[in-house]
Amino acid sequence: MLYLSLVLVFILSYSFYFYGKKRALSLKFKKNENLSSLPDYYGYYVVLLVFFPAIIIWFFLLIFKSNFQEMFVMSPVLFPDVATWSSGKFGLVMNKISNLSMIVNLSEIDLTVGDKSILKMASESEIIAAKNLANFDKIYGWSNLTLFIILPVLLGFLATKSISGKLNAQPIVEKIISYVIKGSSYIAIFITFGIFFSLVFEAINFFRYVNFIDFFFNTAWNPNRAFVINASEGFDQEALKEAFGFVPLLTGTLLIASVAMLVAVPLGLLTAIYLAEYASSKVRDIAKPIIEILAGIPTVVYGFFAALSLAPFIKDVGEGVGLPVSAESALAAGLAMGVMIIPFVSSLSDDVIKAVPQSLREGSYAIGATKSETIKKVILPAALAGIMGSFLLAISRAIGETMIVVMAASLRANLTFNPLEPATTITTQIVTSLIGDVEFDNPKTLVAFALGLTLFVMTLILNIAAITIVKKYREKYE
Amino acid sequence: MSSLEKRLAAEKRFKFYGMFAMTLSLFFVLILMYKIFSTGSGAFVRTTINADVYFDPNFIEVSSNSSKKEIMKASYVDLADQVINQNHPGLDEENFIKVREMYTRKFDYQLRDYIANNPNVIGKTVNLDISASSDLDQIVKGNYPRNVPEAQRKINDYQLSILDSLDSKGKMSKTFNFWFFTNGDSRDPETAGILGALMGSFYALLICFSFAFPIGLLASVYLEEFVKPGKITDIIEVNINNLAAVPSIVYGLLGLGMLIGVFGMPYQVPLVGGLVLGFMTLPTIIIASRASLRGVPPSIREGALAVGATKMQTVFHHVIPLSLPGTLTGTIIGMAQALGETAPLLLIGMVAFVMEIPGGAFDPATGLPSQIYLWSESAERGFLEKTSAGIMLLLSFLIIMNTVAVLVRRKLEVKW
């Protein structure tokens, strides 16, 4: 129904274009008024005045549907003291009502014995609320549909009524559109603010439980130790101190990222050099897109590959030569991540190598250098800043990568620099602390936002550094 | 060796390193594809056991006159047991359980669906292909070894002997596993399907597109055509570049903290997933669209302005239509990235076990990549196959989308 009403909004506002235009034309030819704008603009004028209010209301009703549902079901008429309930009680009753709503409309024969006893235990107002809940979608949908027939038609007629020859529609239309355009470009800023504030607010909540310094400098990570002693005392402060130590996550992240960079940097850079300087255009045209496939493969695929094939393979090889290798070694996750990053390094480096002016190469050849000497002594130093920029972007990718490590790395924190041992990462811990749990009232879930904020800041610094370096480099040769 | 020879040898070596690195990178692509395709292809085939099924009225609670609703509600467990007893006469209780395990646990549902479609079958005998259990399926496909001690096998010796006797009678066969494309998720690998996840991803991408495309297009128009470069555009520009590089999991935290936490949107639904993916795709679309707008030569704008068009008319009548192919290409590529993105879906809850196929953006759902993740976490060999098959499906969608993007660019792009 909601989608149907969206279609209605589009169709109705579009049809008012013709109505508005017709009205303008009839003013001109039947009443001989002079129009201030082209007739089309009167049509657009009506469309905009119908479409934007309607679409804003539509989005509002879509986004806040669950809030309306709650208001409708838990109305003070049925539950007079609902305003005084704690959120826990509210949730319990809501849960009960939603269970009731599944059976409340069934006919007598369809009810099981259990259903009947549940119905018997429910109070009358709960039954009514459950019936309301069961019918809510229908009611909401139909009232939505009616609203979006009446509203656009009403707006459309009002807007059309206001058309006269003196009304200059074009500047109004252009003004509205310019506001819409401007608004759209600010949405990017809003998203950044949204990210920042949603991270910061929940992170602050986390740091109410755990000391800032304890978090960043402790070397033990056992979030399961953060348990509640009892309701009055809250969390065991001593255990909290030792539960959330960021250091092993940082070392694990850096360990896996370093393994990845050890794979991606030489392979990516050499590939870029080969493609840019040696390969014939035929080889280049084939090889470049194939390597870029690696960047397009979803990371869940790499994770699956790392966990399924790479990790057992590495374990077998390691045991073959007498090395104890964990089944969740940092090496496996790092290698898979390295393969994923190759195209980032290679295509960015390829671009900067190609941007080195031809005159530098020719100068080097002229004094008798071979191609490889030119590359090593002239081109790479000239392209160094850009290549560094590409490395920084690759590191930022590696640090923020989630699925590979969630699937292939360990969940247990381990303060180690040995790639054969298991290690965990920041992103893995964010996912494990939030999967299946959305109560924002204990440090075990809130820590995800503190970790997210740290990750966001880390990648932001790397990105800004990379972009600045690349930009500076570009200016040098342009 | 003279110094020149040394230098030439170094030259050769260096070129070889480059070629080796490139070949190795290409090799990684191949090995990845090979691994996925070799483990996944089995999921499209299902082992079935051929049997004569007598729809014995004594074991069926409904009659051929019953309404469809009654037929769907009735239990067929007894009928399923009866069918197995008929096909394997003389089983004692212990062996009966072993034989029952060889057939799919959802056998009774299969019978129910058959009766629902052909109500007149009650009292008649029909030859049916019954789906085998996942463990048996894996033995037949050769994914489980047969020559290991019984304790290490999911299928015991007795079941193996039954299997061999069925096989020698020619009762075992393989059919195309259409369930994979028509079912939602299931606890049993043999009946688990991808359709639910596919629809979840579809609704999420629909929301993502309707959010990111119009806003991305208009934002890039504003930045390229309407403002003079200054402080605000610089801020927006840096902002967009940074947003494009923010790890996807942070967008998941945004969805969880803001959309679900503050705005009270529901958990696990494609609406939230789509919006989060939309936030992620927006910078990609803006960057592509700006590049494409920049590619429209100034002479077009000047020509329009010279004949008296307003700035707005110039942009909307001339510049945007000419830049649209580039914008669309960027949008499709952005959507392809969004389709493969998993981490944000994990955080906003689109990783739950959902059997029903979602009917809209408000129904709990998983996405294609998060379904792959869910299956990959499962220990059973049958799900391993499903995981790879899911990946194959995901990759083929990505290939299709990217091909469309390339075609759009080739066919529609105007060269200046």
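In this predicted model, helices H14(B) and H17(B) run roughly antiparallel to each other, because their packing angle of about 175 degrees lies over 145. Their axes are 8 Å apart. H14 spans residues 311-340 of chain B, and H17 spans residues 381-412 of chain B.

From H14(B) come B:Pro325, B:Leu328, B:Thr329, B:Ile332, B:Ile333, B:Met335, B:Ala336, B:Leu339 and B:Gly340. They meet residues of H17(B), including B:Leu394, B:Phe397, B:Leu398, B:Met401 and B:Asn402. Further along H17(B), B:Val404, B:Ala405, B:Val408, B:Arg409 and B:Leu412 also take part. By class, 15 residues of this contact are nonpolar, three are polar and one is charged.

The secondary structure of chain A consists of 18 helices and two strands.

The overall dimensions of chain A were also computed. Its radius of gyration is 32 Å, whereas a compact globule of 478 residues would have one near 23 Å. Along the principal axes, the C-alpha atoms of chain A fill a box of roughly 85 × 75 × 45 Å.

The two chains touch each other. In this contact, 70 residues of chain B are paired with 70 residues of chain A. On the chain B side, helix H1 (residues 3-40) gives the most, with 18 residues. That side of chain B has 51 nonpolar, 15 polar and four charged residues.

Confidence was examined for chain A. The mean pLDDT of chain A is 85. Of its residues, 95% reach 70 or more. Within chain A, helix H10 (residues 247-278) has the highest confidence, at a mean of 93. Strand S1 (residues 228-230) of chain A has the lowest, at a mean of 58. Where pLDDT is low, predicted coordinates should not be read in detail.

Note on methods. Residues are numbered from 1 along each chain as its sequence is written. Chains are lettered from A and ligands numbered from 1 in the order in which they are written. This is a predicted model: local features need pLDDT of at least 70, side-chain atom pairs count only at pLDDT 80 or more; totals for chains, interfaces and linings use all residues. pLDDT is the predictor's confidence in each residue, from 0 to 100. Helices (H or I, at least four residues) and strands (E, at least two) are DSSP runs, numbered from the N terminus. Axes are lines fitted to C-alpha atoms, for helices over the stretch in contact, and angles run from 0 to 180 degrees between N-to-C directions. Angles under 35 degrees count as roughly parallel, over 145 as roughly antiparallel, 65 to 115 as roughly perpendicular and the rest as oblique. Two residues are in contact if their C-beta atoms, placed from the backbone, lie within 7 Å. Ala, Val, Leu, Ile, Met, Phe, Trp, Tyr, Cys and Pro count as nonpolar, Asp, Glu, Lys and Arg as charged, and the others, Gly among them, as polar. The radius of gyration is taken over C-alpha atoms; the globule rule is 2.2 Å times the number of residues to the power 0.38.
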